[in-house]
Amino acid sequence: QVQLVESGGGLVQPGGSLRLSCAASGSIFSINAVNWYRQAPGKQRELVAAITSGGSTNYADSVKGRFTISGDNAKNTVYLQMNSLKPEDTAVYYCNADLKVFGRGPKAYWGQGTQVTVSS
């Protein structure tokens, strides 16, 4: 009984910024890691950014220096700050969390995605 909800997507001009949010709700005991993926039509899903419970982060080469992943542990929310957006960033962005529910072992969960469109 866990739900991940992405928000913050929309239409933005090249060079603009967006901040995506991934809010987790339910009987969550702990979150081990959170990843942001994206998928464009006809393309494979791509890992964009990741953050672990220890605070370490990793980014795809295509977004390094432009995107920043961060979290608010008290709110069970992870953010993806997206700056200097390019048309090639256009995709549906998905939140993926490796977490543990009370009374159960660790499991991966997915949100339903939020659309990001970068166009003039």
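Two strands count as paired if DSSP finds at least two bridges between them. Strands β3 and β8 meet this criterion, pairing in the antiparallel sense over six bridges. Strands themselves are DSSP runs of E with at least two residues, numbered from the N terminus.

The structure is a predicted model, in which local features need pLDDT of at least 70 and side-chain atom pairs count only at pLDDT 80 or more, while totals for chains, interfaces and linings use all residues. Residues are numbered from 1 along each chain as its sequence is written, and side-chain values use heavy atoms, with hydrogens and water left out.

**Four-stranded sheet**

- Four strands form an open sheet in the order β1-β3-β8-β7, with antiparallel pairing.
- The edge strands, each of which pairs on one side only, are β1 (2-7) and β7 (67-72).
- From one strand to the next, the twist averages 15°, where axes are lines fitted to C-alpha atoms and angles run from 0 to 180 degrees between N-to-C directions.
- Strands β1 and β3 run antiparallel and are joined by six bridges; V2 stands opposite G26 in β3.
- Strands β7 and β8 form a hairpin with four residues between them, and N76 in the turn has a positive phi of about 50°.
- Strand β8 is largely enclosed by the rest of the structure, because five of its six residues are buried; buried means under 20% relative accessible area, exposed over 50%, and partly exposed in between, with a 1.4 Å probe and protein chains only.

**Disulfide**

- The structure holds one disulfide, the term denoting a pair of cysteine sulfur atoms within 2.5 Å.
- This disulfide joins C22 to C95, with an S to S distance of 1.9 Å.
- The link of C22 and C95 is left-handed, with -75° about the S-S bond.
- Distant parts of the chain are linked by this pair: C22 lies in strand β3 (residues 18-26) and C95 in strand β9 (residues 91-101), 73 residues apart.
- Both C22 and C95 are buried, and the relative accessible area of C95 is 0%.
- Not counting residues up to four places away in sequence, C95 touches L4, E6, C22, V34, N35, W36, Y109, W110 and G111; contact here means heavy atoms within 4.5 Å.
- The C-alpha atoms of C95 and W110 are separated by 5.8 Å, although the two residues are 15 apart along the chain.

**Nonpolar core**

- The largest nonpolar core has 31 residues; such a core is a set of buried Ala, Val, Leu, Ile, Met, Phe, Trp, Tyr and Cys residues joined through side-chain atoms within 4.5 Å.
- The residues with the most contacts inside this core are L4, W36, F67, I69, L80, M82 and Y93.
- Two or more residues each come from β1, β3, β4 (28-39), β5 (46-52), β7, β8, β9 and β11 (114-118).
- Strand β9 gives the largest share of this core, six residues.
- Leaving aside neighbours within four places in sequence, L80 is in contact with L18, R19, L20, W36, V48, A49, F67, T68, I69 and Y93.

**Aromatic pairs**

- A search of the whole structure finds two aromatic pairs; rings of Phe, Tyr and Trp (its six-membered ring) pair if their centres lie within 6.5 Å, and planes under 30 degrees apart count as stacked, over 60 as edge-to-face and the rest as tilted.
- F29 and F102 form an edge-to-face pair, at 5.5 Å centre to centre and 75° between the planes.
- F29 lies in strand β4 and F102 in the loop between β9 and β10 (106-110), so the pair ties together parts that are 73 residues apart in sequence.
- Both F29 and F102 are exposed.
- Y37 and W110 form a tilted pair, at 5.1 Å centre to centre and 45° between the planes.
- This pair links Y37 in strand β4 with W110 in strand β10, distant parts of the chain 73 residues apart.
- W110 is partly exposed, with a relative accessible area of 41%.
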